[in-house]
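Visitor: I would like to learn how to read a protein model. Please take me through it feature by feature.

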Amino acid sequence: MPNSREEPRDYQIAPRYLVHPEADGSAAVQALVDAGWARSHDGAGNTFVTAPDLTARLAHLPEADGPVLWKISAGPDAFAPPEWLVTFDHLTPPEVVADFTTALADAYTRGPDGHLGGSRSRGTETALELLGRGWALDLSTPFLSYRSPDRLVRFHFRDKPLPHSAEMAGATERLLVEVGPARACWYATVSSHLPDHLLRSFTDAVLDPAPVRRPMRRIDLEHLPTAATARPIAPSPLEVARVSAANSRSPSTCSSSRTPPAPAPAPPGTSAAPTPRRRMP
């Protein structure tokens with residue numbers, strides 16, 4: 001008997017930061033395009049989106065070398081080095097990136113103060129917010145590291161001065177985020193001068209527990225982290241077939257055209273009741 005290939009089934013997976021990245025990432029680009037940013041492509045298949053005044057840009061780099069898939073940056077003008085840089089690797093759920101680009105598109109509409117100007121807290125406010133959410137300070141790293149209650153998200157802050165050029169080159173970062181179990185972890189980075197309100201948007205995007213839709217097979221479900229939940233969106237084809245088969249075996253309703261059964265004969269010695277006559281109208 002030939003082996004039948006299992007078809008994937010759509011599930012709602014929560015929290016979304018534990019899902020695999022195999023989903024359309026166009027929403028992260030479209031949020032900026034809808035705000036009037038210009039989209040372009042190179043010959044290799046990478047995508048670039050640039051703000052109208054050329055002060056902010058996104059690069060989606062599926063064909064580039066290295067693990068970084070998304071680079072988002074902004075600076076005072078098109079020809080100066082960026083003021084800040086945010087990156088997401090190739091395992092990041094694209095919904096996380098889309099939430100951040102949506103926040104950036106909104107911030108850009110408020111003028112240069114919306115997406116430039118640097119950070120006053122250098123992550124201190126974010127660290128305090130994490131502690132307020134029940135996170136723990138992790139003393140096992142050389143950084144200021146904070147661990148989520150489920151132990152699946154880690155924020156690592158470097159508390160020493162960093163060379164700006166090294167940050168913009170991706171050689172170091174103010175904040176490194178690790179999400180997921182050790183063998184299925186995705187990474188994101190934030191440089192020192194990301195404005196505080198955009199750092200909050202970044203943090204909210206990473207930690208949003210909302211479920212997302214993914215096609216999954218049984219083997220995919222088996223590889224989900226134990227903290228993730230999967231809820232089927234619709235019955236499987238097998239379930240549909242079983243319901244259809246059950247319905248086809250159900251007795252049909254009585255038809256009004258059937259001839260009613262003949263009445264039982266009257267007992268001996270009794271006469272049948274006369275049939276009432278219908279009156280003419």
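Visitor: Which residues touch the most other members of the largest nonpolar core?
Guide: A nonpolar core is a set of buried Ala, Val, Leu, Ile, Met, Phe, Trp, Tyr and Cys residues joined through side-chain atoms within 4.5 Å. Buried means under 20% relative accessible area, exposed means over 50%, and partly exposed lies in between, with a 1.4 Å probe and protein chains only. Here the largest core holds 54 residues, and Trp84, Phe88, Phe100, Phe155, Phe202 and Val206 touch the most other members. Helix α2 supplies the largest share of this core, 8 residues.

Visitor: What kind of model is this, and how are residues numbered?
Guide: This is a predicted model, in which local features need pLDDT of at least 70, side-chain atom pairs count only at pLDDT 80 or more, and totals for chains, interfaces and linings use all residues. Residues are numbered from 1 along each chain as its sequence is written, and side-chain values use heavy atoms, leaving out hydrogens and water.

Visitor: How many helices and strands are there?
Guide: Helices (H or I, at least four residues) and strands (E, at least two) are DSSP runs, numbered from the N terminus. The protein has 8 helices and 13 strands. Of its 281 residues, 39% count as buried. Contact means heavy atoms within 4.5 Å. Among contacts between residues at least 6 apart in sequence, 56% join residues at least 24 apart.

Visitor: How do I read a helix pair?
Guide: Two packed helices are described by the angle between their axes and the distance between the axes. Axes are lines fitted to C-alpha atoms, for helices over the stretch in contact, and angles run from 0 to 180 degrees between N-to-C directions. Take helix α1 (residues 26-33) and helix α2 (residues 94-108): their axes come within 8 Å and cross at roughly 5 degrees. That makes α1 roughly parallel to α2. The classes are roughly parallel under 35 degrees, roughly antiparallel over 145, roughly perpendicular from 65 to 115, and oblique for the rest.

Visitor: Which residues make the contact of α1 and α2?
Guide: From α1 come Ala27, Ala28, Ala31 and Leu32. From α2 come Val97, Ala98, Thr101, Thr102 and Ala105. These residues divide into 7 nonpolar, 2 polar and no charged. In this count Ala, Val, Leu, Ile, Met, Phe, Trp, Tyr, Cys and Pro are nonpolar, Asp, Glu, Lys and Arg are charged, and the others, Gly among them, are polar.

Visitor: Now the sheets. What is the order of the 10 strands?
Guide: Strands of a sheet pair through backbone hydrogen bonds, either parallel or antiparallel. Two strands pair if DSSP finds at least two bridges between them. The 10 strands form an open sheet, ordered β2-β3-β4-β5-β6-β11-β10-β9-β8-β7, with antiparallel pairing. Its edge strands, β2 (38-41) and β7 (136-138), each pair on one side only. The twist averages 15 degrees from one strand to the next. Within this sheet, β3 (residues 47-50) and β4 (residues 56-60) pair over 4 bridges. Val49 has Leu58 as its bridge partner in β4.

Visitor: Where do the two helices lie on these strands?
Guide: Helix α1 lies across β2, β3, β4 and β5 (68-74), at about 30 degrees to β3. Helix α2 lies across β4, β5, β6 (84-89) and β11 (186-190), at about 160 degrees to β6.

Visitor: What is the order of the 3 strands in the other open sheet?
Guide: The order is β12-β1-β13, again with antiparallel pairing. The edges are β12 (212-216) and β13 (229-232). The twist averages 40 degrees from one strand to the next. Strand β1 (residues 9-14) is joined to β13 by 4 bridges. Gln12 has Arg231 as its bridge partner in β13.
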